[in-house]
Amino acid sequence: MEYAIAIFVGVWISAAGILAYYRIKKDFADLDTTDKNDKEGDK
Amino acid sequence: MNVFLIGMIISMIAYIIIGFLIGKGVKNTNDFFVAGRRAPTFLLVGSLVASYCGTGLYFGDAGESFAGIFSPLMTLGAMLIIGYVLGGVFFGRFLRRSECNTIPEFFGKRYNSPALKKLAAVTQLVTIIVYLLSTIQGIGTLMSLVTGLDYKLCIILALITFSVLTVSSGSKGVLITDTIMFGLFTIVTVVVIIICTVKGGGWFNIVEGLAQTKPEILSWAGDPDYLYPTGTQNMIWAFAYGIVWMSVCMVAPWQASRYLMAKNEHSVIRSSIWAAFFVFVLEFIVKCGAALLNHFSPELADQSHIIIWASTTLVPTVLGVVMVTGILAAGISSATTFLSIIGTSVVNDFLDIKDERKKLTTVRITVIIAAAIVMLLAYFNPPQVFWIMFLGATVVACSWLPVCIASIWSKRVTKTGAFCGMLFGFLGCGGMKIYASVAELDLPVFLDPFFIGLAANLIGMLVGTLLTKVTPEEKKQREALFVIPEAEKDIKEITKTKKTVLASVILGAVVTGILLVFWVIPYTSSL
């Protein structure tokens, strides 16, 4: 059971990290695209 | 004169001097309320961790871990850190974007509801005063224990210190002194616990020895004679309070309000990830360290004194003095945050003062009055650091969490829904707690005030929302929160922020690794 607790809390934290990462990625996705488009335009 | 008393007096004088020096730079209410909104990541990390880690950790959590519920408390301690990760990304940066001075002001603006603002401010004041009471009791206990001075005199000395610090420098001073204190108590805690375990024959030897002599101390179930009679009930309690404390780290006024001071939204997100890391380190080292101190079988008048006992008995005197001043710093840093929030909230959320100078004077008077009220409460109530701290946390979780999430992520929840949710959650949780105390009931774990309060909040929010409709103004305010400011669109900053958030995914593996290597494997292999 001690093993289960150690693994559970790790998965719990990583799951929150993944959720947060994809939210940030989604929110700034348009900006990344804009940046690439700007660079394409400059060329 | 007692060497611990000298150390404490020197540190308190140092904090007051720093407060006065910083106070010279406080020119207006913007400086006092939100530190000019210029705080970089490291100051936010320092303040987040220092506000979280008060005397509750060093007395309450350490004492309970020592006494028999290490495993439930460690589970809870690891679960709660996601409150920072989720809080920064899903709430804190939007709060910063609102450019409000307080979280109640944010609720009022978001839902276009002065009534909700007032209700949030009342719930905030009540929970902070409760939490501040726990902190001041911890500081009083610490000072009287190591110096031999009267407990009540110690409370007065401590209150004078953090009242002067808060009145002179406001949020700006609190941010800087919090960070200094965070550095001090983090480093000294790690060093002291390492020295204590070396003195006991080494970390792994102690774990293996306890597995043989007192297996219940490090067992997943905890001591069945302590909190609940079965391991399953202890773990249900741990999961419930893991969510309570996650809510605290996510939205509690003494945590989320730090984000209002950030220089930008990237600092909000990055500081939240770093805070998660440091809080886990402190949670692990204090709770596991306290449990391992069972190896020495100390005779204590109160289990909550275990870290103080170790600091005054097992380590060299100089280091013991630094440790004690470090714990004092943890308490003072939390208390200054609470007091500055009380002062800011009263002036910003209840009073309508236009004149800047009058506002500053009023906020300072409010801080002094709040300190006096807490002093009276602490004077007449016996120390119950752990349970009072848990009461404050539970009330915050029940009254604020669903409303905070809905304020950003729900298009449907109306101002009436938000108001009813917050009110019912507050009354449901507080009412259940008071009823259980007055009737002297031992409630089963599923009737814990947390479950009752959270259910009441969700029901209130649902009913209030079903009976009313979202107004155009509410819709407009929510849409405005999703417009990313131009200043935040720096590609370098975005990349750096993304990398930091990605590190939180790895943090999960690191936490599992630490628990396996330092607790689970040596313990289970020695049973």
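Modeller: In chain B, helix H9 spans residues 203-213, and B:Trp203, B:Ile206, B:Val207 and B:Leu210 within it are buried. The model is predicted: local features are given only at pLDDT of at least 70 and side-chain atom pairs at pLDDT 80 or more, while totals for chains, interfaces and linings use all residues. Residues are numbered from 1 along each chain as its sequence is written, and chains are lettered from A and ligands numbered from 1 in the order in which they are written.

Buried denotes a residue with 20 or more other C-beta atoms within 10 Å of its own, exposed one with 12 or fewer, and partly exposed the range in between, with C-beta atoms placed from the backbone. Helices (H or I, at least four residues) and strands (E, at least two) are DSSP runs numbered from the N terminus.

An α-helix has 3.6 residues a turn, so residues three or four places apart point the same way. On the other side of H9(B), B:Gln212 and B:Thr213 are exposed. The cover over the buried residues of H9(B) includes helices H8 (151-199), H10 (215-218), H13 (265-292) and H21 (491-524) of chain B, where contact requires C-beta atoms, placed from the backbone, to lie within 7 Å.

One of these covering helices, H8(B), also packs against helix H15 of chain B, with axes that come within 7 Å and cross at roughly 145°. Axes are lines fitted to C-alpha atoms, for helices over the stretch in contact, and angles run from 0 to 180 degrees between N-to-C directions. The contact of H8(B) with H15(B) has 19 nonpolar, 12 polar and one charged residues. Here Ala, Val, Leu, Ile, Met, Phe, Trp, Tyr, Cys and Pro count as nonpolar, Asp, Glu, Lys and Arg as charged, and the others, Gly among them, as polar.

B:Gly326 lies in H15(B), residues 317-350. This glycine is buried, with 26 other C-beta atoms within 10 Å. Leaving aside residues up to four places away in sequence, B:Gly326 touches B:Leu184, B:Phe185, B:Val188 and B:Thr189. B:Gly326 and B:Met8 are 318 residues apart in sequence, yet 9.3 Å apart in space, C-alpha to C-alpha.

B:Met8 belongs to H1(B), where B:Phe4, B:Leu5 and B:Met8 meet B:Met143, B:Val146 and B:Thr147 of H7(B). The axes of H1(B), residues 3-23, and H7(B) come within 8 Å and cross at roughly 140°. That angle makes H1(B) oblique to H7(B); angles under 35 degrees count as roughly parallel, over 145 as roughly antiparallel, 65 to 115 as roughly perpendicular, and the rest as oblique. The contact of H1(B) with H7(B) has five nonpolar, one polar and no charged residues.

In the loop between H6 and H7 (114-147) of chain B lies B:Asn112, with a positive phi of about 50° although it is not a glycine. B:Asn112 is partly exposed, with 16 other C-beta atoms within 10 Å. A positive phi, about 55°, also occurs at B:Glu99, likewise not a glycine, in the loop between H5 and H6 (103-110) of chain B. B:Glu99 is partly exposed, with 13 other C-beta atoms within 10 Å.

H5(B), residues 82-98, and H11(B), residues 231-251, have axes that come within 7 Å and cross at roughly 40°. The two helices are therefore oblique to each other, and H5(B) passes H11(B) in a right-handed crossing. Among the residues making this contact are B:Gly83, B:Gly87 and B:Phe91 of H5(B) and B:Trp245 and B:Cys249 of H11(B). The contact of H5(B) with H11(B) divides into 10 nonpolar, three polar and no charged residues.

Methods. Two residues are in contact if their C-beta atoms, placed from the backbone, lie within 7 Å. A crossing is left-handed if the near helix is turned anticlockwise from the far one by less than a right angle, and right-handed if clockwise.
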